Amino acid sequence: MRILIACETSGVTREACRARGLDAWSCDLEPAEDGSEHHHQGDAVEVMRAYPWAIIIAHPPCTHLASSGARWWAQKRADGRQQQGIELFMSMLNTAQWCASVGSAVENPVGIMSTLHRKPDQIVQPWWFGDRARKTTCWWLDRLPPLVPTEVVDEGEIHVTRSGKRMPAWSHLLPQSTERARIRSRTFEGMGKAMAEQWGELCAI
């Protein structure tokens, strides 16, 4: 009963699952940050198809899909980048649903897929699971139940920009660097643990 966390380099969810005795693996085009041997480096869709998986949790790239970058959507539509993002999202979602014997979950922030595909089955926040941070996270679920909050805390500090936009302070204050996108996309520890406990439990049934 294997679990795949697709497009994960941090190992947060993988290791939360393995800590519970589950046979969990991650995959990404990039190597695992922790150097784990339980990581497939390669195309996520190909990895989904290559092995038998009970549960697939996928994090398709959101760079060209998230509403936070809506001001660049026109340019990305014109040069084809957004269409590439849409096709990758749908390929991962359809493959995960087809290949997972127990169920699948596909994650993205609030963005264009809520309109082009359908509204997500659940929207969650890290502060529902013990992390004092706000990061609106959408889940499209197939045969998996919505996550149940485990430790509700306050949402942490909010930064208000000069234009009046409210942003999570942890995200706004990240320095501009090549690692910024990787850090912002990282799964919070509490949510990773909740997925391991609640969805991973289905592998034991």
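Is Trp98 buried or exposed, and what is its relative accessible area?

**View 1. Trp98 in helix α4.** Trp98 is exposed, its relative accessible area being 76%; exposed denotes over 50% relative accessible area, buried under 20% and partly exposed the range in between, with a 1.4 Å probe and protein chains only. The residue belongs to helix α4, which covers residues 81-99; helices (H or I, at least four residues) are DSSP runs numbered from the N terminus. A distance of 9.1 Å separates the C-alpha atoms of Trp98 and Arg49, which are 49 residues apart along the chain. The model is predicted: local features require pLDDT of at least 70 and side-chain atom pairs pLDDT 80 or more, whereas totals for chains, interfaces and linings use all residues. Residues are numbered from 1 along each chain as its sequence is written, and side-chain values use heavy atoms, without hydrogens and water.

View 2. Five aromatic pairs occur in the structure. Rings of Phe, Tyr and Trp (its six-membered ring) pair if their centres lie within 6.5 Å; planes under 30 degrees apart are stacked, over 60 edge-to-face and the rest tilted. Tyr51 is partly exposed at 34% relative accessibility, whereas Trp53 is buried at 2%.

View 3. Trp128 is partly exposed, at 22% relative accessible area, and Phe129 is buried, at 4%. Ring pairs join Trp127, Trp128 and Phe129 into a cluster.

Conventions: Helix = DSSP H or I, 4+ residues; strand = E, 2+ residues; numbered from the N terminus.
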